[in-house]
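Let's explore the open spaces of a protein together. Have the sequence and the 3D view ready as you read.

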Amino acid sequence: MNADVTSLMAEAGHEQVVFVSDAEVGLRGIIAVHSTVLGSSLGGIRFWHYDTEHDALCDVLALSEAMSYKAAMAGLAQGGGKMVVRWDDPHAARSEEFLRAIGRAVDRLCGRYYAAEDVGASQRDMDGVALETRFVTGVDPARGGSGDPSPMTAFGVLCGMQAACEVAFGEADLRNRKVVVQGAGHVGAVLVDLLLDAGASVVVADVDPARAEALGVRTIAPDAVFDEDCDVIAPCALGGVLTAERATWLRARVVCGAANNQLADAAADDALAARGIVYAPDFVVNAGGIINIAHEHDPEGYTAARAREQTARIEGTTRELLLEALRSGVPPGRLAVVM
């Protein structure tokens, strides 16, 4: 396993990987620090079922690398990090002792990694982690934090989607655009509301049908998402959903969503570009959350208005990226990494 870890780390230039275990509370997790070149690494704690330790390792390495790109594209003095925690029951409550154990693990890194909320996590979890470390963000506003970053993430995706639609259709207006949202979790649910407010026609798919139906829009089965005829597909669940094969039959002009690592590989980026499908790179458009929590370190203290103002710049960044991709012939996913 050690040789496997070091070789995988070397592939993307990770600085540090820490395996975390606390048998007393049942904690099994991994913290990955991809880069601290621009500042302390920042990234969410993901609670998820992983079949093997290797699966968890590959996920945390890919997610932390994407966080480095995300912070850089957003102009933040932050690096990329992530923590994954093996968690088999999504409905089970986490005890204070369990969260404190995570907090102690984060604290041992002495600020090289700042924790935040991610898939499967909540503000309550961050409050529990904060009982043992100050290196955590997104805690209760009453305690000086910024709370749940999901609304700002969704707002950033909306901004990026407007830019992508401007490039694809000649106008940023989302009125009467049909958008399929894959995933009705924290970010996806807020994005649906924002899209409805913008006048879009919205369809939702989620592995939990009740959660999708609660949004009051048309729902489809999760396996029908990429067969649905629409203007925009917004992946807001897990990564790896866009493969080169899937791109050959995709019935959308734009792909723009909140999920991390949406492309299965570089071939998917090429395949989307070859079909003229405008792909807004995920780590560009979903940076609203990291922007929001980064503002907790503002010398003047956190204010939602400043965080929202910087998040709104995602629209301009996305537009610039997509137009340059068209001019250069370099697919936007590859170009975003270079930028």
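Strand 3 gives five residues to the lining of the largest pocket, the largest share. Helices (H or I, at least four residues) and strands (E, at least two) are DSSP runs numbered from the N terminus. A pocket is found on a 1 Å grid over the protein atoms alone, as an open set of points where a 1.4 Å probe fits, with protein on both sides within 12 Å along at least five of seven lines; lining residues have an atom within 4 Å of a point.

This is a predicted model, where local features need pLDDT of at least 70 and side-chain atom pairs pLDDT 80 or more, while totals for chains, interfaces and linings use all residues. Residues are numbered from 1 along each chain, and side-chain values use heavy atoms, without hydrogens and water.

Which residues are the closest to the centre of the largest pocket? Of its 48 lining residues, they are Trp48, Val119, Gly120, Gly185 and His186. Elements that supply at least two lining residues here include strand 3 (41–48), helix 2 (53–73) and helix 6 (186–197).

Now for the second largest pocket. Among its 36 lining residues, Ala62, Asn261, Gln262, Leu263 and Ala264 are the closest to its centre. Helix 2 brings the largest share of this lining, nine residues. By class, the lining has 19 nonpolar, eight polar and nine charged residues; Ala, Val, Leu, Ile, Met, Phe, Trp, Tyr, Cys and Pro count as nonpolar, Asp, Glu, Lys and Arg as charged, and the others as polar.
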